[in-house]
Amino acid sequence: MADIVLDGVTKRYPDGALAVKDVNIEIADGEFVILVGPSGCGKSTTLNMIAGLEDITEGELRIAGEVVNNKAPKDRDIAMVFQNYALYPHMTVRENMGFPLKLAKVDKATINAKVEEAAQILELTQHLDRKPSNLSGGQRQRVAMGRAIVRAPKAFLMDEPLSNLDAKLRVQMRTQVSRLQKQLGTTTVYVTHDQTEAMTLGDRVVVMRAGLVQQIGTPHELYETPVNLFVAGFIGSPSMNFLPGTLENGGLHTSIGQIPLTPEIRRALEGSKADREVIVGLRPENFEDARLVEDKAGGGTFTATVDVLESMGSDIFAYFSIEGGGASSAELEELARDSGVADAAIDVNQIVTRLDPTSRAREGQPLEVWFNAAKIHVFDPSSGENLTHAVAAAAADPGRHAES
Amino acid sequence: MAVTAGKKVGWSTANILVVAWALFPVWWLVSLSFKKPGNIATDGGSFWPTSWSLENYRGIFKLGEFVRSILNSIGIAVISTVIAVALATMAAYAIARLRFPGKGLLIGMSLLIAMFPQISLVSPLFSIERTLHLFDTWFGLIIPYMTFSLPLAIYTLSAFFREIPWDLEKAAKMDGATPSQAFRQVIAPLAAPGIFTTAILVLIFCWNDFLFAISLTSTTASRTVPAELGFFTGASQFQQPAGSIAAASVIITVPIIIFVLLFQRRIVAGLTSGAVKG
């Protein structure tokens with residue numbers, strides 16, 4: 001067990017392409033850290049550099065205080081779980097799990113004892129003498145985990161270990177991975193493109209985009225206080241709604257009407273130029289059926305026709321189309337590309353709201369919707385920066401002084 | 001898809017024709033080898049030996065030259081195969097795994113060698129080997145055999161190596177294996193079907209070669225069976241050695257058949273199934 005420090009780590013390929021730029025992460029002993037981002041953001045490259053499967057161009061990687069930049073993977077004492085499991089097909093489950101120990105020249109009796117123990121934890125005992133080809137996807141995944149845990153390495157690296165499982169199994173395994181990590185207390189770095197996995201598993205989450213770290217924080221911090229448009233749009237499901245807005249004479253105009261500004265937000269925005277275009281972000285749960293809101297102060301209302309209604313039982317998701325163009329910025333475009341909705345022309349602005357199940361919203365019927373103005377995030381469209389970050393940080397954690 | 005009776009009959013007839021076409025000469029050879037040496041001229045035209053006899057087989061094994069040539073054949077073919085496959089395995093692995101400048105050129109060149117008409121190289125090789133004192137030695141044959149079988153071996157093997165998921169090697173590295181351990185314990189076992197296939201192809205090539213065997217040997221010190229067959233003589237100079245040649249041909253075909261039958265299972269078995277998802 002050990003801490004892992006990435007100090008200004010950069011990866012540049014021989015053809016000049018920059019995959020990862022100046023990554024600084026300090027992972028404490030026993031911590032579960034998630035690297036998350038859309039495909040091509042450099043998260044897997046970062047993991048491979050920690051593993052030693054890729055060279056580090058610049059910067060320093062320290063495991064347990066020791067610089068390991070030039071150490072071969074086998075000398076770093078870390079185990080890795082691959083997306084496609086990479087089990088040795090010619091070996092039984094027992095041999096697969098015992099392979100790292102066999103290479104370390106551990107005696108047979110010890111190997112057997114350790115493999116049995118790991119098999120017990122992962123419920124693989126009755127499959128020990130089978131070949132990987134005879135196992136189900138979930139079992140193969142557990143064998144891959146078993147191969148990592150038998151030798152009690154300093155750290156686990158996991159590269160999208162659950163992405164090949166079907167949805168139900170993925171949720172089950174997610175819980176199991178989390179329990180296993182807590183039980184073993186081993187430092188873990190986990191790569192995923194799935195923000196739900198990132199939010200549920202990690203002690204801390206590192207959001208990456210285009211080779212750059214966007215934000216590092218607990219799932220709660222990322223959700224409540226995103227530093228920029230990208231993090232705001234990436235974290236949360238359904239994702240945050242973005243509306244184009246204009247700051248004029250101390251008021252904020254958007255396609256859903258005038259948004260009243262709280263004193264804190266007003267102060268945060270005062271620093272910026274008088275009149276300007278901004279992007280307003282509001283999460284689905286910050287909307288409510290106006291009929292159900294008694295105290296409408298501290299917010300505003302708008303009326304729109306419900307496009308689509310999705311009832312989840314505990315919540316209702318109502319989708320509205322608002323006239324007037326949608327918010328646009330480079331970061332939002334990248335998010336849209338990643339989620340595969342890039343070609344949905346943004347002429348109309350779609351808003352997703354999460355309503356109380358007692359709401360009387362009906363598809364095709366107009367509904368008056370209330371929104372919580374205290375929860376808005378205001379972003380700079382060109383830089384993507386969250387102008388109200390400090391306000392949100394103070395609100396999310398009143399005890400701590402808001403940074404930056 | 002429904003298979004009509006007519007289609008079935010059509011295909012069966014075609015299959016039977018093709019198999020008969022292929023096996024008829026083999027049967028003719030076997031039949032000939034069991035005919036009495038004296039009867040071949042008179043008996044020659046019959047499809048079936050009128051009287052079965054092992055005389056031809058006894059005759060060829062009485063010849064010290066034939067036994068010696070079998071030993072030469074086995075020795076030369078096996079050594080060439082082992083060296084060629086060992087070298088090709090390493091080369092193919094590098095080609096499949098590494099990126100280096102001129103890789104395409106290298107593969108192209110090696111294929112070019114395989115396509116080169118061998119007959120054009122016989123005279124230069126003859127002179128070279130005489131100068132180097134390799135003429136009429138085992139290595140005098142092993143070297144050209146290796147040269148001509150390597151390209152094909154490399155090509156076949158690199159196709160097999162490309163099929164092996166690279167992640168397995170990364171996994172082995174993470175599990176603490178040195179590159180050579182990863183190769184020996186993970187990659188090579190998985191490439192086994194490819195290695196066996198290649199070995200069979202190379203062995204058959206070396207075993208069957210007549211051109212180099214007749215050109216680069218002069219005595220029983222290194223003459224292989226295909227070349228030795230040409231030196232068979234009948235009981236008298238007026239007799240054709242057809243029976244002995246047929247018997248010897250049957251004898252040298254048997255090891256190849258056994259070899260292929262033995263390893264065919266390993267070739268067919270898909271060893272990589274279950275390695276990765278998908």
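The model is predicted: local features need pLDDT of at least 70, side-chain atom pairs count only at pLDDT 80 or more, and totals for chains, interfaces and linings use all residues. Residues are numbered from 1 along each chain as its sequence is written, while chains are lettered from A and ligands numbered from 1 in the order in which they are written.

**Contact between the chains**

- Chain A gives 24 residues to the contact and chain B gives 23 residues; two residues are in contact if their C-beta atoms, placed from the backbone, lie within 7 Å.
- On the side of chain A that touches chain B, the elements giving two or more residues are β6, α2 and α4 (137–149) of chain A. Helices (H or I, at least four residues) and strands (E, at least two) are DSSP runs, numbered from the N terminus.
- α2(A) supplies the largest share of that side, 3 residues.
- That side of chain A divides into 16 nonpolar, 5 polar and 3 charged residues. Ala, Val, Leu, Ile, Met, Phe, Trp, Tyr, Cys and Pro count as nonpolar, Asp, Glu, Lys and Arg as charged, and the others, Gly among them, as polar.

**Pro89(A)**

- Pro89(A) sits in the loop between β6 (78–81) and α2 (93–103) of chain A.
- Pro89(A) counts as buried because it has 22 C-beta neighbours inside 10 Å. A residue is buried if 20 or more other C-beta atoms lie within 10 Å of its own, exposed if 12 or fewer, and partly exposed in between; C-beta atoms are placed from the backbone.

**Ser314(A)**

- Ser314(A) lies in the loop between β16 (299–311) and β17 (316–322) of chain A.
- Ser314(A) counts as exposed because it has 8 C-beta neighbours inside 10 Å.
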